[in-house]
Amino acid sequence: MIKGKNVLVTGGAGFIGSHLVDRIIRDDPANLVVVDNFFLGNEDNLADARRAYPDLKLFRLDASDLAAMHQLVASQKIEVAFDLAVIPLPTSLSYPAWTIETNVGIATTLCELARWGNLQTLVHCSSSEAYGSATIVPMDENHPLLPSTPYAASKVSADHVVLSYILTFGIDAVVVRPFNNFGPRQNPGTYAGIIPIIINRVRKGEPVMIHGDGEQTRDFIYAPHTANALVRVYDAPATRGKVINVATGYETSINALIAMLLDVLGVPDHPVVHTPPRPGDVRRHCGDVRLFRELIGFEPPALSRAELAETVDWYLRSGNL
Ligand SMILES: NC(=O)c1ccc[n+]([C@@H]2O[C@H](COP(=O)([O-])OP(=O)(O)OC[C@H]3O[C@@H](n4cnc5c(N)ncnc54)[C@H](O)[C@@H]3O)[C@@H](O)[C@H]2O)c1
């Protein structure tokens, strides 16, 4: 249990990481530390957390820097690390080698700290992108790993590093594979997720662009549900050594998502334009949640209009577009 523990979140100023920080605070940690180099992170994402937990510590550090991380983890007496720091998919299309080096480097750094005994437990965040396009639907954790972008390859490689440290050195670790997250605080900038991009285009009166025919599907999960799932995975010792999907088990096409979003925005007839498919874009994604349900006892809820409306409301209210 988190209560009374010294907890580290890498990438904690990012989208999912900041929701995780909010969720961890509810379980009353003794010390809560965020490491983020602000590649995409934003200190404003931690405003709620700072109000709820004024002792929150934030370090601007590269989580792949082993010496710096060793010093930090030792001085803060960290016991549990949730590893969410990442260079995202779109960046990997422009800077593939750097994305791979960084993402694998972050995972390796945390594994070394666990091997040295500086961490008791590591919860490492993978991605459904590791599977590539679905060859079997729903995709369970034994689905072939068919990464179709350098980002996905970096996530697969990082997972293998964690799993190899579990097998070789017996570190206490688990790999979680979230599917497509949405919700407040997803970066709206150059490397934005689909929802902030659409809200922004509608706001500016520009047509919504869809890569390809829009029939590609994703298993959309609300980021606060992912954050809750990560904590529940940590709480359950039976999860150790495993790879576990964090998904809803429902697939939604991009066309259907956009129709729902335009409806929430009150502009159901807003123009939509199809552009050539994005290189490496996966075709179908739907997670098999049986392992999560078996180990944790529930499954994250499916995409809902209410959560989409909350997300839209947050972007419009915060002006974070
Ligand atoms: N967003 C999704 O839909 C999704 C889906 C599946 C898996 N994931 C995984 O969830 C995790 C979090 O993703 P996110 O969507 O919140 O991304 P994000 O980009 O919002 O957050 C990642 C954070 O890591 C920070 N970061 C990058 N490089 C760093 C470094 N070297 N050292 C320290 N901090 C660094 C960034 O500044 C950012 O704040 C990642 O592991 C990602 O692969 C995300």
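Colleague: Which residues of α5 meet which ones in α6?

Modeller: In this predicted model, Pro96, Thr99, Ile100, Asn103, Val104, Ala107, Thr108, Cys111, Ala114 and Arg115 of α5 meet Pro150, Tyr151, Ala153, Ser154, Lys155, Ser157, Ala158, Val161, Val162, Tyr165 and Phe169 of α6, where contact requires C-beta atoms, placed from the backbone, to lie within 7 Å. By class, this contact of α5 with α6 has 14 nonpolar, five polar and two charged residues (Ala, Val, Leu, Ile, Met, Phe, Trp, Tyr, Cys and Pro count as nonpolar, Asp, Glu, Lys and Arg as charged, and the others, Gly among them, as polar).

Colleague: What sort of numbers and cut-offs am I looking at?

Modeller: Residues are numbered from 1 along each chain as its sequence is written. Because the model is predicted, local features need pLDDT of at least 70 and side-chain atom pairs count only at 80 or more, while totals for chains, interfaces and linings use all residues. Helices (H or I, at least four residues) and strands (E, at least two) are DSSP runs, numbered from the N terminus.

Colleague: Back to α5 and α6: at what angle do they pack?

Modeller: The angle is about 20°, and the axes of α5 and α6 lie 9 Å apart (axes are lines fitted to C-alpha atoms, for helices over the stretch in contact, with angles from 0 to 180 degrees between N-to-C directions). The two helices are therefore roughly parallel to each other, a label for angles under 35 degrees.

Colleague: Now the sheet: in what order do the strands come?

Modeller: Seven strands form an open sheet with parallel pairing, in the order β3-β2-β1-β4-β5-β6-β11, where strands pair if DSSP finds at least two bridges between them. β3 (57-60) and β11 (243-246) stand at the edges with a single partner strand each, so one side of each has no neighbour in the sheet. From one strand to the next, the twist averages 20°.

Colleague: How many bridges join β1 and β4?

Modeller: Strand β1 (residues 6-10) and strand β4 (residues 80-83) pair in the parallel sense over four bridges, and Val9 stands opposite Phe82 in β4.

Colleague: And which residues are closest to the ligand?

Modeller: Gly11, Gly14, Phe15, Gly41 and Ser127 are the closest of the 32 residues that surround the ligand, counting a residue as near if its C-beta atom, placed from the backbone, lies within 6 Å.

Colleague: Which element gives the most to that shell?

Modeller: α1 gives the most, with three residues, and α1 (15-26), β2 (31-36), α5 (96-115) and β7 (180-182) each supply at least two. The shell residues divide into 16 nonpolar, 13 polar and three charged.

Conventions:
Parallel < 35°, antiparallel > 145°, perpendicular 65-115°, else oblique. Contact = placed C-beta atoms within 7 Å.
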